[in-house]
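Please look at the sequence and the structure below before reading on.

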Amino acid sequence: MAAAGRGFGPEEEEAEPAKQARIPGSELVENYTVYIIQVTVGNHQWTVKHRYSDFHDLHEKLIAEKKIDKNLLPPKKIIGKNSKSLVEKRQKDLEVYLQTLLTKFPVAAPKVLSHFLHFHLYEINGITAALAEELFHKGEQLLVAGEVFAIRPLQLYAITQQLRQGKPTCANGDAQTDLGHILDFTCRLRYLKVSGTGGPFGTSNIQEHLLPFDLSIFKSLHQIEISHCDAKHIKGLISSKHTLATLSVRFSATSMKEIIVPEASEFDEWEPEGAHPDCPVTAVIPTWRALTTLDMSHNGISQIDDSVKLIPKIEFLDLSHNGVMVVENLQHLYNLIHLDLSYNKLTSLEGVHTKLGNIKTLNLAGNLLESLSGLNKLYSLVNLDLSNNNIEQIEEIKNIGSLPCLEEVVLSSNPLSIIPDYRTKVLAQFGERASEVCLDNIITTEKELDTVEVLKAIQKAKEAKYKLNNSDKKVSFILGAFLEGWWCGHEGGPRILCGPGML
């Protein structure tokens, strides 16, 4: 059975979850027997494998450190050590041995026992003790180096649970494992990475992405990356609003609101601070004052919702690999210059210039676009990726051909890219700027530019001929109208032009 975690909220102090260690089986590896240990703590369960010599080493250390009974461990056997009867008897005896140790140390197991049973990987007290000891030795060095500190959701869950329970910060009496070392470190940490797993963690039944944890212990974060965590279970992220400049949340969210304004679910109507709403609101919510980069790619987001009003200073926004169907609400992001909407479900770009006035880099690859109508007024655009769409007609390129700053265009893997002389026909749409445009990440050659000049000359000739034909038709039309009018008057009627469309 998959195990998640308990929720947040004021509760009575919970009893220490029962710990059990069973040995349900064994396996022969080369010429020795390995015992399969199944450890259970509350709802969490995991598997550890050890040979008898590992038990013997553990026992010797516990005798030296904790003065346990020497005769508690079943004795060694040399002859017939892998026989079925001996293995089965030893299996039962070793299970009794482990259960006796867990009874003797009900709250905080000694370090050697904790590592033997992998408490430092899967059990709350063991996890926090191991992390505290690591930070006691390396924490200051990590902070000075300014490197990204990686932590698992399970570790954050363990810290959160420890703080909720309100127990002493040093359960086993070892000052190096005091929870205070973790809290001191998290208060000063600037760069954090939280990476979970999509399924059970390690050999356990623990579903990391379903574990709740609280990030409010971090007071100075400048950058945070979160992946494979359920956004609904992440608490305290908004406590970093005043310091966070870069935020990445991937494989975790179903909406932008879950991350940007999780408190919105508590109010019927809300507005960002500094706004002047036309109607009464139930809450005014502080903005993310320092946030300039937001990566919410690879999520289940279907809409760019109005939570973007709370991130007015965003310059880089990545919403790639989602299910967005409409470009909306981005007019609130006055500072946005780089936008990635690749691999979504966009079908139209009509009116997009009213949402992206100052955009410089725009990635629209992997959508369902057939027309480029709507891009013709993005006058600041420098880089544009339109690969892997459904664009068929060269004429569509006219929508971007007059953009004055455009330098990089990618149109590969569209139907039009298989048209003969595709590159030169596309480049010709840029007129005098053809030499300044790089198409499909390939530098334009002199030969291509010569061909473009020929195409432009042919196009000019066609346009001149078209104008001339139109001019001749117009003269013929006026002359015909005049003669028809003259004829009407000559027959005795009033002398007016009565040709088609003329009074």
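What follows is a walk through parts of this model, which is predicted.

Start with helix α2, which covers residues 84-104.

Next, consider which side chains of α2 are hidden. Buried here means a relative accessible area under 20%. In α2, the buried residues are L86, V87, R90, Q91, L94, Y97, L98, L101 and L102. Viewed down the helix axis, the buried residues of α2 fall within an arc of 135°, so they line one face of the helix. The other side of α2 carries exposed residues: S85, K89, K92, V96 and T103.

What does the buried face of α2 pack against? The partners of its buried residues are the strands β1 (19-29) and β2 (32-41), together with the helices α1 (52-66), α3 (111-116) and α4 (119-122).

Now turn to the salt bridges. The model has 13 salt bridges. One of them joins the side chains of E208 and R152, at 2.6 Å from N to O. This pair links distant parts of the chain, 56 residues apart. E208 lies in the loop between β5 (191-195) and β6 (213-214), while R152 lies in the loop between β4 (149-151) and α6 (153-165). E208 counts as buried because its relative accessibility is 0%, whereas R152, at 24%, is partly exposed.

Another salt bridge is formed by the side chains of E258 and K232, at 3.0 Å from N to O. E258 belongs to helix α8 (residues 257-260) and K232 to the loop between β7 (223-227) and β8 (234-235), so the pair ties together parts that are 26 residues apart in sequence. With a relative accessibility of 17%, E258 counts as buried.

The side chains of R423 and E448 also meet in a salt bridge, at 2.6 Å from N to O. Here the two residues sit in helices: R423 in α10 (residues 422-428) and E448 in α11 (residues 446-490), 25 residues apart. R423 counts as buried because its relative accessibility is 15%. E448 is buried too, with a relative accessible area of 15%.

Which residues are linked in a network of salt bridges? They are E140, D184 and R188.

Conventions. Residues numbered from 1 in each chain as written. Predicted model: local features only at pLDDT ≥ 70, side-chain atom pairs only at ≥ 80, totals over all residues. Heavy atoms only, no water. Helix = DSSP H or I, 4+ residues; strand = E, 2+ residues; numbered from the N terminus. Expected span 1.5 Å × (residues − 1). Buried < 20%, exposed > 50% of the residue type's maximum accessible area, 1.4 Å probe, protein only. Arc of directions from axis to C-beta. Contact = heavy atoms within 4.5 Å. Salt bridge = Lys/Arg side-chain N within 4 Å of Asp/Glu carboxyl O.
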